[in-house]
Amino acid sequence: MLNDLREISGMEMIPQPPVIEVAIVEDRRDIRESLAMLIGGTEGFACTGGYRSMEEALVKLKHHLPHVVLCDIQLPGMSGIEGIRILKELYPDLLILMLTIYDDDERIFDAICAGACGYLLKKTPPLRLLDSLKEAVTGGAPMSPEVARRVMSLFR
């Protein structure tokens, strides 16, 4: 049914890769390691790296680009939003999905304008996070419900 709707609406259907490769940019070690365990321990997913800062990610991502980068906003040194701009300039097709505690209009807008493909809050349940990664690689724009509501009100 979803495929029929996409064909009718003209939305491009992007096939999902057999294994979705994900890199994590998160300064908090406990969160970074938990995400790496969730992603790496789930069939159909692989964690290709966990980075404490955007500077570290910029150096190491060039050796193995994942399908998706899960990125925090508040990082030591360069912010996640600044990093998105650089990553999108270097790798225009790279998908960057924000995973943050911030749900204010300015950060949401800045992240999307910088090139984020979606915006999730850190309170997102693990299964929803995995579904959001799938959604991102198949052409979607995953957002936490609260964020989607704010985006809709911004455009009104």
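**Figure 1. Packing of the buried side of helix 4.** In this predicted model, the buried residues of helix 4 pack against helix 3 (54-61), strand 3 (68-71), strand 4 and helix 5, where contact means heavy atoms within 4.5 Å and where helices (H or I, at least four residues) and strands (E, at least two) are DSSP runs numbered from the N terminus. The residues in question are G80, I81, G83, I84 and L87, buried being under 20% relative accessible area, exposed over 50% and partly exposed in between (1.4 Å probe, protein chains only). They cover an arc of only 150° around the axis, which puts them on the same side of helix 4; the arc is that of the directions from the helix axis to the C-beta atoms. An α-helix has 3.6 residues a turn, so residues three or four places apart point the same way. Residues are numbered from 1 along each chain as its sequence is written, and side-chain values use heavy atoms, with hydrogens and water left out. Because the model is predicted, local features need pLDDT of at least 70 and side-chain atom pairs count only at pLDDT 80 or more, whereas totals for chains, interfaces and linings use all residues.

**Figure 2. The two sides of helix 5.** Within helix 5 (residues 105-114), I108, A111 and A114 are buried. They cover an arc of only 140° around the axis, which puts them on the same side of helix 5, while E106 and C113, on the other side of helix 5, are exposed. The buried residues of helix 5 pack against helix 4 (80-90), strand 4 (95-100), strand 5 (118-121) and helix 7 (145-155). Just after helix 5, G115 takes a positive phi of about 125°.

**Figure 3. Strand 4 and its pairing with strand 3.** Strand 4 is mostly covered, six of its six residues being buried. L95, L97 and L99 point one way from the strand, and I96, M98 and T100 point the other way. Strand 3 and strand 4 pair in the parallel sense over four bridges, two strands being taken to pair if DSSP finds at least two bridges between them. For V69, the bridge partner in strand 4 is I96.

**Figure 4. Strand 1 beside strand 2.** Five of the six residues of strand 1 (residues 20-25) are buried, so this strand is largely enclosed by the rest of the structure. Strand 1 pairs with strand 2 (residues 45-51) in the parallel sense, over six bridges. Within this view, E21 stands opposite A46 in strand 2.

Figure 5. When its neighbours within four places in sequence are left aside, S132 is in contact with L97, L120 and P142. L97 is one of the buried residues of strand 4.

**Figure 6. A nonpolar surface patch.** F109, L154 and F155 make a nonpolar surface patch of about 360 Å², the accessible areas coming from the Shrake-Rupley method with a 1.4 Å probe and, for residues, only the protein chains shown counting as cover. Patches are made of residues with over 30% relative accessible area and no salt bridge, like charges being joined within 9 Å and nonpolar side chains (Val, Leu, Ile, Met, Phe, Trp, Tyr) within 5 Å. L154, which lies in helix 7, is partly exposed, with a relative accessible area of 39%.

**Figure 7. Selected salt bridges.** A search of the whole structure finds nine salt bridges, each defined as a side-chain nitrogen of Lys or Arg within 4 Å of a carboxyl oxygen of Asp or Glu. R28 forms one with D30, the closest N and O atoms being 2.8 Å apart; R28 is partly exposed, at a relative accessible area of 45%, and D30 is likewise partly exposed, at 43%. R29 forms a salt bridge with E33, with the closest N and O atoms 2.8 Å apart, and both residues lie in helix 2 (residues 29-40), four residues apart, about one turn of the helix. Of this pair, R29 is exposed, with a relative accessible area of 56%, whereas E33 is partly exposed, with 39%. The side chains of D104 and R107 meet in a further salt bridge (2.9 Å, N to O), in which D104 counts as partly exposed at 25% relative accessibility and R107 is partly exposed at 27%.
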